[in-house]
Amino acid sequence: MTDDKKDAVIRVENLSKAFVLHVQGGARLPVFSNLNLEVAAGESVALYGPSGTGKSTLLRSLYANYKPGSGQVWVRHDDDWVDMAGAAPHRVLEVRRRTVGYVSQFLRVIPRICSRDIVAEPLHALGADLDQARAKAEALLARLNIPEAMWDLAPATFSGGEQQRVNIARGFVADYPVLLLDEPTASLDAGNRAVVMDLIGEAKARGAAIVGIFHDDEVREAVADRVFDLSKERAVA
Amino acid sequence: MDTSSPLLRVRNLTHAYGNLLACSDISFELHSGEVLGIVGESGSGKTTLLNCLSARLAPTNGIVEYDLRGRGLSDIYALSEPERRLLLRTDWGVVMQNPRDGLRMDVSAGGNVGERLMAVGARHYGAIRQEAEDWLTKVEMDLGRMDDKPKHFSGGMQQRLQIARNLVTKPRLVFMDEPTGGLDVSVQARLLDLLRGLVRELRLSAIIVTHDLAVARLLADRLMVMKDGKVVETGLTDQVLDDPHHPYTQLLVSSVLQV
Amino acid sequence: MSAAQQQATEGDDGYNFAYLDEQTKRMIRRCLLKAVAVPGYQVPFGGREMPLPYGWGTGGMQVTASIIGRDDTLKVIDQGADDTTNAVNIRRFFARVAEVPTTESTAEASIVQTRHRVPEDPMREDQIIVYQVPQPEPLRPLEPREIECRKMHAYKEYGLMQVSLYEDIARFGEIATSYSYPVMVGDRYLMSPTPIPKFDNPKMDDFPALQLFGAGREKRIYAIPPYTKVKSLDFDDHPFAVQQWEEDCALCGAEDTFLDEVILDDQGGKMYVCSDSHYCARRRAEGHEGKLSESAARAYAAAVGAAEEEEA
């Protein structure tokens, strides 16, 4: 990687992905091929397109949650470029820990860990001391209208919306240079949706590159600088 | 900054019982702070592999190297036996599936934890006891049971004691064979949570053999999927479980019952 | 005619000198040499059947039989006493099969075979003490696997022994082990000093006489050469200490000997007397005198009263 024009932090190059379902007779489902995408620091890109065009698959490939068939996902990690599609696992984990934050659609509940600590964990893992991380977690939970009484509870019994807000707080607790957001406002009421939009705006303002899927047109228009339309870009039938 | 050398390096490891290949041509590296899960069905060679990795079963072929303090990567089977035994009770830990294999059932809980300290020369009773208390507290044991023998403990307690006994010398690498096997789900959850916390807090590296994908998801950063003695797929845990490529891994993932 | 052949042709009732045949004695002596060369290390030997059961000192007897000569004088003690069954029988045995003089005096003996005690009288460089050993392996109660025990010795991995002392303190508040108290010999081998009371452990350290140990059933021999360092295991904050008694010997008044408690009646009457019977007798002959405790005097008076009543 030599070409660092306009502060790019993500560069997707010739990315292709297909699923092969061995359990179902080896059916092959191509999702997209030869995608190219570049995202700059402070820029917000919305992945767009009808269901089945590969928005989630692309987002997950950026996080190395899915393994693309070919192509590269370059992410700027400190002063290096790391190919999330090809780097060694411990390297990818390091990038995830320090550079790329990911808000999934659903919270993966960890038994017995209270919501405050679930939120504080990524910040603590970055080296912040526990009290400091917890304080920031509490501020975020309060902002997302999670009542204080629930901070000491494990979120297994929370409602879907509550779990989602805990999940969002966890994604925003550390100041990642790159944020990947998978429908962060789904199942949120208007008030909380506004909070999330503010959080995204603040992340952009501090220079984070954001790639997200936003079903809600209003949200998308408010937070996205540009739209990446997979129905046009995916290049598979 | 990918300059760190691995903590453990395995090259072309093969172990055969007579004509039966229990594990075949396995190579991988483990870096400091990583937790590697080895998954696969019974008989896939997981435990044989773990025994070979943890210096308890010399492989038929291949090399297992560990980053010894002050010596760098060294072939563990080229070490002398006392060096290997010292490694196993200081810088390494082994948590057995059956606590009977990993604990002294007729020695008190405190003595079980203190043994590794005494083995490396601790000779101050008060200090040993204090350290044992600290560790028993860390694994959420009731200190009132400190002088009781583990043969009177429940399975979950025995397993937590085994963990304390192994971690007391602050090992860098811990091997675990089905650490939650045979426990009730609620007890399992508590143990998993405890392990997860300890692994993170102590920046432990670990290799965990399990057939339970949920355990793997919770504890492991990376997975190695084994079938018939071979590694059929490797990758980040969430990658392997969410986007499995090998037919066997797909079968394994799709076979998990949802609650 | 060699000395061995000459010996072989003599002896009582057709037995070889000192009962064992010369080849066996040679084998045992080789083991003894190895044991002396590696202090504290258990040397396996081809134990023979002796004319008494295991547990009665067959190991010690085989060692004694292998080292005894015509010029030797033998003393045998059991729990410190010269006049208990085991001691009397072993002494008679050697008087018969080796025709050596026997004695009850520690100073006069050249070989002392013992069960459970080291004599109170000091021993000299020209003497040998032979211990009868029931269980030579100090690690055995903790580690049942023989191979593992041997590895622990080979690699000097003795943390486990410390665990047993830890268990004592955890349970009783102090190291409650009072006999078979483990020692390190020459800073290298962990050794069981046989079931002698820990009171005798300090005597083994820097001891002028050669100390030999024979375990008949387990077929092991070990040794401590003269003037070898023998250290009892302990913790920094729970140092090794020997037993103490609240009274002195009721017979000879000794204040620094190992005492046996003798129960006199069922009213709590008891007295303490030296376990080393010869030492106690000699002191009394020298004019030392002990004093009966109140409870012992009461028991004595009651016993005398009952006897008189019976007579009357």
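Begin by selecting chain B and chain A, which together bury about 2400 Å², 49% of it on carbon and sulfur atoms; buried area is the accessible area (1.4 Å probe) that two parts lose on being put together, summed over both. This is a predicted model, in which local features need pLDDT of at least 70 and side-chain atom pairs count only at pLDDT 80 or more, while totals for chains, interfaces and linings use all residues. Residues are numbered from 1 along each chain as its sequence is written, and side-chain values use heavy atoms, without hydrogens and water.

Next, show the residues in contact (heavy atoms within 4.5 Å): chain B contributes 28 residues and chain A 26 residues. Six salt bridges cross this interface, a salt bridge being a side-chain nitrogen of Lys or Arg within 4 Å of a carboxyl oxygen of Asp or Glu. Select B:Arg200 and A:Glu121 to see a salt bridge whose closest N and O atoms are 3.0 Å apart.

The largest share, five residues, comes from H7(B).

Now move to chain C, where an open sheet of six strands runs in the order E1-E8-E7-E4-E3-E2 with mixed pairing; strands pair if DSSP finds at least two bridges between them. E2(C) pairs with strand E3 (residues 111-115) of chain C in the parallel sense over five bridges. Finally, select C:Lys75, which stands opposite C:Val112 in E3(C).

Methods. Chains lettered and ligands numbered in written order. Helix = DSSP H or I, 4+ residues; strand = E, 2+ residues; numbered from the N terminus.
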